[in-house]
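Hi everyone, thanks for coming. Let me put the structure up on the screen, and then we'll walk through it together.

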Amino acid sequence: MTTKTFKRPDGRKVDEIRPMSAKVGVIPNADGSAIFSFGETIAIAAVYGPKKMHPQHSQNPEKGTLRCTYNMLSFSVQDRIRPGPSRRSTEISKITEWALEPIVILEKYPNMVVDVHINILQANASTRCAGINAAAMALAHAGIPMRDMVSSISIGKLDKQLIVDVNKDEEDWEEGEGATDIPISLTSSGDITHFQLDGKIKKEELKKALELAKKATKEIYEVQKKALKELPGVEND
Amino acid sequence: MIETSNLTGQRIKKYMQEGKRFDGRKLDEFREIFIETGVSKNAEGSARVKIGKTEVLVGVKMNVGEPYPDSPDKGNLMVTAELLPLSSPRFENGPPKFPTIELGRVIDRGIRESKFIDFEKLCIKEGEKVWTVFIDIYSINDDGNLLDAAGIGAIAALKNAKIPKYDKKEEKIIYEEKTKEKIPLAKDIPIAITIHKIGNNLIVDPTRQEEDISEARVTIGSSNGIISSLQKGSETSLKEEEFYKILNLCEKIERDVFKKIEKFLK
């Protein structure tokens with residue numbers, strides 16, 4: 001962990017996030033919408049609702065339902081993806097729901113559903129994190145009551161070195177111990193809403209990874225907040 | 001609030017009787033068109049097209065595969081459309097419904113039949129290996145006239161595309177290495193224009209509300225005045241003179257639209 005001279009393929013510092021950009025109100029039809037990017041990874045999200053849940057048997061009389069769908073455009077990656085849902089996208093959709101549900105106040109909307117549609121326009125790894133960031137902003141933009149904000153980042157371990165915001169070259173890292181990918185989503189108060197891991201890592205290193213994620217999500221939170229305040233027609237305080 | 005109400009529909013029709021539209025356009029006037037190309041790095045070619053508030057994203061991907069038995073020396077084309085639930089409260093997840101399928105097929109024919117792509121030049125080895133061109137169309141925001149937006153997007157993405165490097169020995173595509181080679185395209189650009197009949201009026205480029213009350217539509221794909229594809233949609237019949245009016249109107253609109261998009265396609 002002391003390899004100070006570690007060189008990332010794109011020359012970033014180990015704890016440096018790719019340039020981020022964020023904007024809300026990008027889809028006029030939607031009740032809320034946002035676009036978020038980490039470098040070349042671009043996610044767009046739209047919120048529709050709360051609206052009546054169909055079919056009726058899916059309704060929950062105690063609280064509303066958050067329904068997320070994650071989808072990659074066929075040309076967002078080098079090898080074209082066949083349009084339509086896949087096992088991977090189905091899992092990520094659910095993970096995204098779990099990442100966001102803790103912050104959304106759904107008790108106000110029994111029998112209703114809030115639909116969140118996430119599409120990846122261009123992919124260079126960390127797409128689920130970009131998607132969650134965009135979705136959280138779109139929910140806020142839609143005026144859905146929320147307890148907090150969620151920000152998401154992927155921490156990586158390349159051989160023995162921990163890094164922040166994994167890109168495609170790093171995801172495919174093969175030297176030494178190879179690559180470990182750890183996407184994490186945190187609320188601004190530090191609660192963990194989403195945690196995944198693929199690879200090999202020691203407990204101490206994992207603690208360090210979480211520390212890195214805390215620091216990174218603070219930066220992301222600022223970007224999200226700024227974009228929401230920049231919304232045309234909103235008075236800045 | 002999803003459907004356009006009867007009352008709104010009646011008001012739109014009343015306006016049209018006086019040659020007016022809600023957004024102040026003339027009946028035969030297109031909204032502003034905006035095209036941005038090269039919007040997705042991993043696609044061989046891509047374009048974002050906005051017509052007013054309507055927005056589509058079109059990407060071209062290429063792959064090497066076997067030719068069809070009836071055209072062993074020609075490349076293949078596949079056009080798919082997806083009306084994303086992201087783009088409108090009306091679209092839902094699930095297997096593609098008729099409008100989605102029709103959109104892809106109408107755009108497919110417009111490009112294929114106009115001979116815009118020179119498929120013979122996309123042959124690598126006769127009977128064995130040819131390029132397949134995938135055109136994928138996604139709606140981002142639906143405020144009417146996705147059809148025309150998709151057609152323009154497909155053309156812009158094709159013009160933007162660069163063929164990736166193909167390693168003949170390894171029989172592998174190296175997507176990272178884009179050649180300077182473009183997809184072989186004809187000079188004349190095929191444009192698909194949809195004309196809608198509302199009451200006794202013919203209009204172009206409907207907004208979502210206008211499209212809702214459209215009684216019949218005809219989509220005509222043509223380049224330089226030569227018609228190469230046509231599709232009449234919806235259950236209302238057209239009188240012969242109406243049909244000729246549509247043909248004439250379409251010729252004019254094709255020129256108008258070409259003028260609007262020309263600067264983006266250089």
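How many residues of chain B are in contact with chain A, and how many residues of chain A do they meet? Before I answer, please keep in mind that this is a predicted model. Now the numbers: 27 residues of chain B are in contact with 22 residues of chain A.

Let's look at the chain B side of that meeting. Strand 3, residues 54-65, strand 4, residues 76-82, and strand 6, residues 129-141, are the elements of chain B that each give two or more residues to the side touching chain A. Of these, strand 6 of chain B gives the most, with 5 residues. As for the kinds of residue on this side of chain B, there are 10 nonpolar, 10 polar and 7 charged.

Next, please turn to chain A and find its sheet. Four strands form an open sheet here, and their order is 7-6-8-9, with antiparallel pairing. Which strands stand at the edges? They are strand 7 (161-164) and strand 9 (192-195) of chain A; each has a single partner strand, so one side of each is left without a neighbour in the sheet. From one strand to the next, the twist averages 25 degrees.

Look also at strand 6, residues 150-158, and strand 8, residues 179-187, of chain A: they pair in the antiparallel sense over 9 bridges. If you want one pair to find on your screen, A:L158 stands opposite A:A179 in strand 8 of chain A.

What packs on this sheet? Helix 1 of chain A does, touching strand 6, strand 8 and strand 9 of chain A, and its direction makes about 160 degrees with that of strand 9. Helix 2 of chain A packs on the sheet too, touching strand 6, strand 8 and strand 9 of chain A, and its direction makes about 170 degrees with that of strand 6.

Now for the two helices themselves. Two packed helices are described by the angle between their axes and the distance between the axes. In chain A, helix 1 (residues 87-100) and helix 2 (residues 127-141) pack at an angle of about 50 degrees, with their axes 10 Å apart. Helix 1 and helix 2 of chain A are therefore oblique to each other, and their crossing is right-handed.

Which residues meet there? From helix 1 of chain A come A:I92, A:I95, A:T96, A:A99 and A:L100, and they meet A:R128, A:G131, A:I132, A:A135, A:A136 and A:L139 in helix 2 of chain A. By class, this contact has 8 nonpolar, 2 polar and 1 charged residues.

Let me finish with some details of the backbone. Chain A has a cis peptide bond joining A:G49 and A:P50, with omega about 5 degrees, and A:P50 is found in strand 3, residues 41-52. Another cis peptide bond joins A:H54 and A:P55, with omega about -5 degrees. A:P55 sits in the loop between strand 3 and strand 4 (65-72) of chain A.

In chain B, B:D205 is not a glycine, and its phi has a positive value, near 45 degrees. B:D205 lies in the loop between strand 10 (201-204) and helix 4 (208-212) of chain B. Is B:D205 buried or exposed? B:D205 counts as buried because it has 28 C-beta neighbours inside 10 Å.

B:S234 also has a positive phi, near 75 degrees. With 13 other C-beta atoms within 10 Å, B:S234 is partly exposed.

Key: Residues are numbered from 1 along each chain as its sequence is written. Chains are lettered from A and ligands numbered from 1 in the order in which they are written. This is a predicted model: local features need pLDDT of at least 70, side-chain atom pairs count only at pLDDT 80 or more; totals for chains, interfaces and linings use all residues. A residue is buried if 20 or more other C-beta atoms lie within 10 Å of its own, exposed if 12 or fewer, and partly exposed in between; C-beta atoms are placed from the backbone. Axes are lines fitted to C-alpha atoms, for helices over the stretch in contact, and angles run from 0 to 180 degrees between N-to-C directions. Angles under 35 degrees count as roughly parallel, over 145 as roughly antiparallel, 65 to 115 as roughly perpendicular and the rest as oblique. A crossing is left-handed if the near helix is turned anticlockwise from the far one by less than a right angle, and right-handed if clockwise. Two residues are in contact if their C-beta atoms, placed from the backbone, lie within 7 Å. Ala, Val, Leu, Ile, Met, Phe, Trp, Tyr, Cys and Pro count as nonpolar, Asp, Glu, Lys and Arg as charged, and the others, Gly among them, as polar. Two strands pair if DSSP finds at least two bridges between them.
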